Amino acid sequence: MDPKQFVRFGRKIVAVGRNYRAHAAELGNPVPTEPLLFLKPSSSYIEEGQAIKIPRQCHELHHEVELGVVIGKQCSHINEQSAMSYVGGYTLALDMTARDLQSAAKKAGHPWSVSKGYDTFCPVSRFISCAELPRPEDVTLWLDVNGERRQHGSTKDMIFTIPSLLTYISDIMTLEPGDVVLTGTPEGVSAVQEGARIQAGLEGVLKMEFAVEKQS
């Protein structure tokens, strides 16, 4: 499978929670000692030109900008030394989160799947080749809402590096071509309302924009 077609053919999105210390702190969460994983459905993907929809059940929708790693070839039980050879490319992604639903689920001891899995909850940029992003371990991510800067951080501040994440995940589940690993978000997550415009980017590489609408 051509990794450029990950939106159409990718089978899963593996997301990493609390991979930046400052983000864990802003939500009052402890810093993890090993990667904290959850899944988003591939049906949550949208691309530029499509809108993020606020579900009827959600009253507090948050943005989380993240570097996504697109898997280029199947990997299982790999080691850190070879991990980057399995990367097919990258994408910039928004892990949209129904924070009120997530908070209620966490309080009840329930999974987060509902709060992360609605349709339109994984907006992504175009595919980014490895040549375009030769140093993914040190790239700046940013996000604005209606022209106001909300998030700004660097992947160099990740707790768990891309090779360590791929190694950890591949010991649990096979990663297949077109799968995407969302590597976590820097601090600054906040709520967005109907009518907002979210702009996000990887410094020196690309930027993208999405409108926020209410689900009809």
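In which helix is arginine 99 placed? In this predicted model, arginine 99 belongs to helix α3, which spans residues 99-108. Arginine 99 counts as buried because its relative accessible area is 6%, under the 20% cut-off. Its side chain makes a polar contact with the side chain of glutamate 64, at 2.7 Å. When neighbours within four places in sequence are left aside, the residues in contact with arginine 99 are Leu27, Glu60, His62, Glu64 and Val189.

Not counting residues up to four places away in sequence, leucine 94 touches Glu64 and Val65, together with Ile52, Phe121, Cys122, Pro123, Leu143, Ile198, Ala200, Met208 and Phe210. Leucine 94 is one of the residues with the most contacts inside the largest nonpolar core, the others being Ile52, Leu166 and Ile198. This core has 48 residues. Two or more residues are given to it by each of the strands β1 (13-17), β4 (52-54), β6 (65-71), β7 (87-94), β10 (140-145), β14 (197-202) and β15 (206-214), and by the helix α5 (162-170). In soluble globular proteins, nonpolar side chains tend to be buried together.

β1 and β2 run antiparallel and are joined by 5 bridges, and in β2 the bridge partner of alanine 15 is phenylalanine 38. β1 and β12 run parallel and are joined by 3 bridges, with valine 14 standing opposite valine 181 in β12.

α5 is mostly covered, as 8 of its 9 residues are buried. The buried residues are Ile162, Pro163, Ser164, Leu165, Leu166, Thr167, Ile169 and Ser170. Leu166 is one of the residues with the most contacts inside the largest core. What covers the buried residues of α5 includes β1, β2 (36-40), β6, β7 and β12 (180-182).

The other open sheet has 5 strands in the order β4-β15-β14-β10-β11, and its pairing is likewise mixed. β4 and β11 (148-154) are the edge strands, each pairing on one side only. From one strand to the next, the twist averages 20 degrees. β10 and β14 of this sheet run antiparallel and are joined by 5 bridges. Aspartate 144 stands opposite glutamine 199 in β14.

Two residues have backbone angles that call for separate mention. Most residues other than glycine have a negative phi. Threonine 120 is not a glycine, yet has a positive phi of about 75 degrees. Threonine 120 lies in the loop between α4 (113-117) and β9 (122-123) and is buried, with a relative accessible area of 11%. Asparagine 146, also not a glycine, has a positive phi of about 55 degrees. Asparagine 146 is found in the loop between β10 and β11 and is exposed, with a relative accessible area of 55%.

Terms used
Residues numbered from 1 in each chain as written. Predicted model: local features only at pLDDT ≥ 70, side-chain atom pairs only at ≥ 80, totals over all residues. Heavy atoms only, no water. Core = buried A, V, L, I, M, F, W, Y, C linked by side-chain atoms within 4.5 Å. Buried < 20%, exposed > 50% of the residue type's maximum accessible area, 1.4 Å probe, protein only. Helix = DSSP H or I, 4+ residues; strand = E, 2+ residues; numbered from the N terminus. Contact = heavy atoms within 4.5 Å. Polar contact = N/O pair within 3.5 Å; in protein donor to acceptor, adjacent residues only side chain to side chain. Pairing = 2+ DSSP bridges. Axes fitted to C-alpha atoms, helices over the stretch in contact; angles between N-to-C directions.
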